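Hi everyone, thanks for coming. Let me put the sequence and the model up on the screen, and then I'll talk you through it.

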Amino acid sequence: MVFLNRSTLALALLLLMRCKPDLGARESQIAGPRLLAMRATPAEGAQGDAIVYDALEVDPSGEVTTPMDYAYCTLRKSLDNPDTVSFDCLAASGTGIVEIGAGSSATGTVPSDACRNFGPDVPFAQPGQPQGRPVDPDSTGGYYQPLRLLFGNEIDIGQSRIACGVANAPLEAAAKFRAQYHMNTNPLVLDVTANGASLTQDASAPTALPAGSNVTLTTSWATCPASDVCGDGICGPDESVTACAQDCTTPVGCSGAERYLHYDTVGQQLTALRETMSVAWFVTGGSMASDGTGRLGTDLATTTDDVLTLPQAGPVHGWVVLRDDRGGVGWRRFEIVAQ
């Protein structure tokens, strides 16, 4: 069994812990088996909620279906550990590894102590350790439950966003946050185009493009409302069940860059922010100009571009992984033949 070691853990946790590429290889180049992304559906859940997990695994021949074993890791990191999660999460089994299931997908229930272990609630003291402190939220106000992913001879770490509310906020702000914060929705890749024309996802009928040419690839996602209008079908940060029962009785999110309610711990006020969107590009042939592109939350555009230099001949399997900065993930494949 091959484990991520402690020296590589911090680097590996930047996006999602994936199979380590060959030294010197571009991140966008698929030269061997890789785990590109893990997705939680829904993208955010409260303690006790059921979440479905699946993953995108690829190799130079295309997508692969190595059985994935999913487990929650309930172990808090030690106070002297500078990394994101406990080193002990990198284990096939043992104390703190709570099995979810194995296969192409698995359904887990967010642990009842997730907000105490990985959120704003005061944690229990660990044996031999002084009293711990609550976890700080990320820049979007979010908290994350770690998952241990076991596939083939690799162990990686994924994260699932948990809804834990806000800590140390005035009563009025905390009540408004509870009423108007709506859980994240995974982004959806609407299309991937080459020089403006949609690329097929069918490996048996790839899109033919001139060998050796440079083509502009564009990833697009949905346009989300810039402001809330009751009756538009989206429950936004300015709406609640009381203010707009039509949209918020069963809240529906947007599969693009959503607006969401955020508590500013410094200014101690609630504001509406827009998600930052990022795209990671992956190809089995040719080369991408950039490994990743995206749009800041202040940018209303719903596309991002990259340039692919095609090989002199042969098939190119490609993928885009679209992420929002609240932990949401979506992906889409594309198939090209250079000729």
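I'll go through the disulfides, and then one of the sheets.

A word on the ground rules. This is a predicted model, where local features need pLDDT of at least 70, side-chain atom pairs count only at pLDDT 80 or more, and totals for chains, interfaces and linings use all residues. Residues are numbered from 1 along each chain as its sequence is written, and side-chain values use heavy atoms, with hydrogens and water left out.

So, how many disulfides does a search of the whole structure find? There are 5, where a disulfide is a pair of cysteine sulfur atoms within 2.5 Å. Counting bonded cysteines along the chain, the pattern reads 1-2, 3-4, 5-10, 6-8, 7-9.

Let's start with Cys73 and Cys89, whose sulfur atoms sit 2.0 Å apart. The S-S torsion here is -80°, a left-handed link. Cys73 belongs to strand 5 (residues 68–73) and Cys89 to the loop between strand 5 and strand 6 (97–103), so this bond ties together parts 16 residues apart in sequence. When I say helix or strand, I mean DSSP runs numbered from the N terminus: H or I with at least four residues for helices, E with at least two for strands. Both Cys73 and Cys89 are buried, meaning under 20% relative accessible area with a 1.4 Å probe, protein chains only; exposed is over 50%, and partly exposed is in between.

Next up, Cys115 and Cys164, again a disulfide with a sulfur distance of 2.0 Å. The torsion about their S-S bond is about -90°, so this one is left-handed. Cys115 is in helix 2 (residues 114–118), while Cys164 is in the loop between strand 9 (154–162) and helix 3 (171–180), so parts 49 residues apart in sequence are tied together. Cys115 is buried at 4% relative accessible area, and Cys164 counts as buried at 17%.

And which hand does the link of Cys235 and Cys248 have? It is right-handed, with 105° about the S-S bond.

Strand 20 (residues 314–324) and strand 21 (residues 329–338) run antiparallel over 10 bridges, and Gly314 has Ala338 in strand 21 as its bridge partner.

Terms used. Two strands pair if DSSP finds at least two bridges between them.
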